[in-house]
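Here are my notes on the model you sent over. Please read them with the structure open.

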Amino acid sequence: MNIPLPLAEPLPRAHARADKRGTHEANKLAKRLRHQVGRAIADFGMIEDGDKVMVCLSGGKDSYAMLDILLQLQQKAPVKFELVAVNLDQKQPDFPAHILPAYLESLGVAYKILEQDTYSVVKRVVPEGKTLCSLCSRLRRGALYAHAEAQGFTKIALGHHRDDLVATFFLNLFFHAKLGSMPPKLLSDDGKHVVIRPLAYAREDDIAAYAVAKQFPIIPCNLCGSQENLQRKQVKRMMDAWEKETPGRIETIARALGDVRPAQLSDPRLFDFLALGARGGEVPDAHAWLAGEPHTSDTDA
Ligand code: SF4
């Protein structure tokens, strides 16, 4: 007996439903990112009334997402602030210089493309086979900060996200023996610039999905042919494996970065352990204690 097959749903209707589901997911994602960026701005006092914010745009997914979300928040923000997108064209070979201006003009946002051939400098100075990124980033930072100072920007916004903050924490822990990450807000070493990271609470995979949904015209950062630093690669692999085995672990670590307990660590510069339980008597220092160390006799050896 022939069993009649169920009639397939007409294609246009199936597509419409899939589209609707896709739009619903994309809206949820956009809302979550707006919420996280808004919360980071509020928690760290990143933007105030009258701020002139230089939004550093590299052409990567993170900086596109940052600009996009800041523009959305600007519409409804309780304060007035200015946003200017700034890109540094570092003269890497095959850099598609037309992409960013075309995109920014389509948004109608104020922008500036700076040009400085840091690529040649890095190629000349860094020995063959070594990673270029560290010097490249330092030169880029120098050029962007100089522009910010010349133009009177009150804030510099960078597109680092939650996963960058966690990765930096482990790089510092494993390779520099210190507990420290990239703060969501910081004063530059020369005290002239306030740097903000509005994506500090945003997950990298959310940003990647958002970049796809918004079809940002991504420009790869490896046009220079440089390899990512090996230590960073190692940390990323570790974080990916953790997240796969124990979903949510990276979020837990990120939350821990905002819940530091100096009295439960061992840094006397952060917590006055000397004063703890002190009874007011003289507290001898390490030299005094060591000077009193008994001599080891031959029989002890
Ligand atoms: S990948 Fe190339 S352009 Fe990107 S930071 Fe490294 S050296 Fe610079």
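**Notes on the predicted model**

1. Start with C136. Setting aside neighbours within four places in sequence, C136 is in contact with T118 and V122. Two residues are in contact here if their C-beta atoms, placed from the backbone, lie within 7 Å. C136 sits in helix α5. C136 counts as buried, with 21 C-beta neighbours inside 10 Å. The cut-offs are these: a residue is buried if 20 or more other C-beta atoms lie within 10 Å of its own, exposed if 12 or fewer, and partly exposed in between, with C-beta atoms placed from the backbone.

2. Two points on the source. This is a predicted model, in which local features need pLDDT of at least 70, side-chain atom pairs count only at pLDDT 80 or more, and totals for chains, interfaces and linings use all residues. Residues are numbered from 1 along each chain as its sequence is written.

3. C133 belongs to helix α5, residues 133-151. C133 is partly exposed, with 19 C-beta neighbours inside 10 Å. Leaving aside residues within four places in sequence, C133 is in contact with S226 and N229.

4. Which cysteines does UniProt mark as "binding site"? The record, an unreviewed entry, places that feature at C133, C136 and C224. They span 92 residues in sequence, yet no two of their C-alpha atoms are more than 10.1 Å apart, so they gather at one spot. UniProt positions are given in the numbering used here, feature names are shortened, and annotations may be inferred rather than shown by experiment.

5. Now the ligand. The residues around the ligand are Q92, L132, C133, C136, S137, C221, N222, C224 and S226. A residue is near a molecule if its C-beta atom, placed from the backbone, lies within 6 Å of it. By class, this shell holds five nonpolar residues, four polar and no charged ones. Ala, Val, Leu, Ile, Met, Phe, Trp, Tyr, Cys and Pro count as nonpolar, Asp, Glu, Lys and Arg as charged, and the others, Gly among them, as polar.

6. Overall form. The protein chain has ten helices and six strands. Its radius of gyration is 26 Å, well over the 19 Å that the globule rule gives for 301 residues, so the chain is more spread out than a compact globule. The radius is taken over C-alpha atoms, and the rule is 2.2 Å times the number of residues to the power 0.38. Along the principal axes, the C-alpha atoms fill a box of roughly 100 × 70 × 50 Å. Helices (H or I, at least four residues) and strands (E, at least two) are DSSP runs, numbered from the N terminus.

7. Burial and contacts. Of the 301 residues in the protein chain, 22% are buried. Among contacts with a separation of 6 or more, 75% join residues 24 or more positions apart.

8. I156 is in strand β4, residues 155-157. I156 is buried, with 23 other C-beta atoms within 10 Å. Not counting residues up to four places away in sequence, I156 touches M54, C56, L144, A148, H193 and V195. The C-alpha atoms of I156 and K185 are separated by 9.7 Å, and the two are 29 residues apart along the chain.

9. Where do the buried residues of α7 point? In helix α7 (residues 204-214) the buried residues are E204, I207 and Y210. They cover an arc of only 120° around the axis, which puts them on the same side of α7. The arc is that of the directions from the helix axis to the C-beta atoms. An α-helix has 3.6 residues a turn, so residues three or four places apart point the same way. The face of α7 turned away from the buried side carries the exposed residues D205 and V212.

10. Check two backbone angles. Most residues other than glycine have a negative phi. Q215, which follows α7, has a positive phi near 55°. Q215 lies in the loop between α7 and α8 (230-245). With 8 C-beta neighbours inside 10 Å, Q215 counts as exposed. A177 also has a positive phi, near 50°. A177 lies in the loop between α6 (162-176) and β5 (185-187). A177 is exposed, with 7 other C-beta atoms within 10 Å.

11. The record lists residues 52-216 for "domain: tRNA(Ile)-lysidine/2-thiocytidine synthase N-terminal". That span is 47% helix and 16% strand, with its end C-alpha atoms 24 Å apart. For "short sequence motif: PP-loop motif" the record lists residues 58-63. Over residues 58-63 the chain is 50% helix and 0% strand, and the end C-alpha atoms lie 6 Å apart.
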